[in-house]
Amino acid sequence: MDWYPLFNSIRIAAIATALVFFLGLCAAYYISRLPRLCKAALDVVLTLPLVLPPTVVGYFLLCLVGPRRPLGAWLASVGLQFVMSWPGAVLASAVVAFPLMYRTARGAMEAFDLNLKYAGQTLGLSNTYIFWHITLPVCKNGICAGTVLSFARALGEYGATSMVAGYIPGRTATISTTVYQLWRTGDDLNAFKWVLVNLVISIIVLGAVNIFENPKRKSKVGR
């Protein structure tokens, strides 16, 4: 059994999660402070990948970074190729997983008690220090849950990934694309083995999400 799809899936999901972690935190922090109308408009744009069919997301990405597009041609000239390569799968997975991180982090930050921020400001603490040492620790459960969910979404992504990166054994193959290719060629036994691998990973991820959510439930019961 070739384990490359598992390695590649974890690599793609890990890099995509790292990207959406910082981008999602940044977007959630600044957008949560905007007026309601601006916030609503940006919410629609940033959450679209969550509701659009993944193949549609992949189509838009191909229109953006395809080799015949201006941006794609420029990226290729500097040695960056996203189409039919595993970095393309990272890009697709990050775009699809971003809304989960953004919405979860923004919800946690909007529930943050601003009195803690104001108390820090009266002590002369900078906004940067308050964000990293007060806001994030208080919101850590929601942020961690969003990170785990983003990883799970990136790990299981198929539609956008197959559109952008395709299926090339030993290069772009992931668990999801491998399952489809094995099923398409009639190799049901190996397809089922990869389904079991994906199932085990999903159970572990859901267990991690529950661990991060339990403190919230306990605090509500205590009240």
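Of the 223 residues in this chain, 39% are buried, meaning under 20% relative accessible area with a 1.4 Å probe and protein chains only; over 50% is exposed, and in between is partly exposed. A word on the source: this is a predicted model, where local features need pLDDT of at least 70, side-chain atom pairs count only at pLDDT 80 or more, and totals for chains, interfaces and linings use all residues. Residues are numbered from 1 along each chain as its sequence is written, and side-chain values use heavy atoms, with hydrogens and water left out.

Overall layout. The chain has eleven helices and zero strands. Those are DSSP runs numbered from the N terminus: H or I of at least four residues for helices, E of at least two for strands. The C-alpha trace spans about 65 × 45 × 25 Å along its principal axes. Take contacts with a separation of 6 or more: 72% of them join residues 24 or more positions apart. Contact here is heavy atoms within 4.5 Å.

Helix 1, residues 4–31, packs on helix 8, residues 140–156, at about 140°, with the axes 8 Å apart. That makes the pair oblique. The cut-offs: under 35 degrees is roughly parallel, over 145 roughly antiparallel, 65 to 115 roughly perpendicular, and the rest oblique. Axes are lines fitted to C-alpha atoms, for helices over the stretch in contact, and angles run from 0 to 180 degrees between N-to-C directions.

Who meets whom? From helix 1, the list includes Ala-13, Val-20, Phe-21 and Leu-25. From helix 8, it includes Ile-143, Phe-151 and Leu-155. The contact residues divide into eleven nonpolar, four polar and no charged.

On to the core. A nonpolar core is a set of buried Ala, Val, Leu, Ile, Met, Phe, Trp, Tyr and Cys residues joined through side-chain atoms within 4.5 Å. Which members of the largest one touch the most others? Leu-25, Met-109, Ile-143 and Ile-201, out of 39 residues. Helices 1, 5, 7, 8, 10 and 11 each give two or more residues to this core. Ile-201 touches Leu-6, Leu-155 and Ile-175, leaving aside residues up to four places away in sequence. There is also a second, separate core of six residues, with Val-57, Leu-61, Ala-92 and Ala-160 among them.

Last stop, Asn-190. Asn-190 sits in helix 11. Its relative accessibility is 27%, so Asn-190 counts as partly exposed. Thr-178 is twelve residues from Asn-190 along the chain, and their C-alpha atoms are separated by 9.3 Å.

Key. Nonpolar A, V, L, I, M, F, W, Y, C, P; charged D, E, K, R; others polar.
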